[in-house]
Amino acid sequence: MAKRVKVIMDFDGTLTDEGRQALELATIAKGMLADILGVPLPRIEASYNRIRQRILRTPQHFHWEVNGLPATYAYEGAYLLNTTIVQEIIRSKPAYLHKIRKLYPTDGLDPMTKCTNHLFHAGTFQVHPYFLDGVRTLLVSLIEHPLIDPVIMTNSETRKITKNLRKLRIGQRGARHKFPHEIDVLGDTRQYHMDPAWEQAFDSGKNGLIQVLPINEHFTVDLRRPVYHAALQRIMDEGYDQVVVVADGFSLAGALPLAMGLRFILKKTDFTPAWTEEYVSTHPNGSVVSGIPELGSLLRSLVE
Ligand SMILES: [Mg+2]
């Protein structure tokens, strides 16, 4: 019998040129942060540049931190780097922190995450999308393939994805649109939602049951991501023969599916750290691709 494959596709950085988009996002984020903190823009810009240099010099020390746990290393993606810089600017002064706590009270997510999310969602909604070459062809071929069921899963809000997909003349499945092709969109899936109290552990083979994946002397990846786990589990329960996750961020989107026994394809960007590429390429369920055509051939080969 033919094999049915679910392809869970990340959006930013996987289908788009996130490095280019992040330049625009940084300008918006700095302006918004200056307003929120009530400080002059040049001061925010100076801090931004200083912290950016520091993160890139010593990336093992900088995370985007959520609920007190590391969600990803800051330098694994252009948007993540922007978010972490904003986080570090706010942390740099008690008065900034105080302001954020008042403006963004905790409700499942800490005030810092709520503030940086607000800047991210409001900022990226305005950013012009630069799709990578071949993305429309890839998505249409997956949508039309009888054995492949693609879904776009992302932290970003569904409305941003739907708005950007319009440029490719692709609609969101189930929504009103005027396009001949449509695709499922699962927006606001919080791969970054960390929970220190979550008790689930994963069988890693040689290291036994783990919650934190050891990589090397400098890097680890925390797997305590109950929201992402539940989203993946729901798809696994739909009974596909294989579930494949494709993303450009390993800590955020790749480590957990591999720990759950799923296939993971790392789509490289200019930000991909060497250790993530090495980990994924040597994992029995992992693959690394450099571009969209290569990704398309690999996905189609899974059902041939
Ligand atoms: Mg991404």
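Predicted model: local features only at pLDDT ≥ 70, side-chain atom pairs only at ≥ 80, totals over all residues.
Residues are numbered from 1 along each chain as its sequence is written.

Let's start with the whole thing. The protein has eleven helices and 13 strands; these are DSSP runs numbered from the N terminus, with helices being H or I of at least four residues and strands being E of at least two. Its radius of gyration is 19 Å, close to the 19 Å that the globule rule gives for 304 residues, so the protein is as compact as a globular protein of that length. (That radius is taken over C-alpha atoms, and the rule is 2.2 Å times the number of residues to the power 0.38.) Along the principal axes, the C-alpha trace spans about 65 × 50 × 35 Å. Of the 304 residues, 40% are buried, meaning that 20 or more other C-beta atoms, placed from the backbone, lie within 10 Å of a residue's own.

Now for the sheet. Strands of a sheet pair through backbone hydrogen bonds, either parallel or antiparallel. Here, seven strands make an open sheet, in the order 5-6-4-1-11-12-13, with parallel pairing (two strands pair if DSSP finds at least two bridges between them). Strand 5 (170-172) and strand 13 sit at the edges with a single partner strand each, so one side of each has no neighbour in the sheet. From one strand to the next, the twist averages 30°.

Strand 5 runs parallel to strand 6 (residues 181-186), joined by three bridges, and Gln172 has Ile183 in strand 6 as its bridge partner.

Finally, find helix 4 (residues 94-103) and helix 5 (residues 111-126), whose axes come within 9 Å and cross at roughly 80°. Axes are lines fitted to C-alpha atoms, for helices over the stretch in contact, and angles run from 0 to 180 degrees between N-to-C directions. Where they meet, Ile100, Arg101 and Leu103 of helix 4 face Pro111, Met112 and Cys115 of helix 5 in contact, which requires C-beta atoms, placed from the backbone, within 7 Å.

Definitions and conventions. Buried ≥ 20, exposed ≤ 12 C-beta atoms within 10 Å, placed from the backbone. Contact = placed C-beta atoms within 7 Å.
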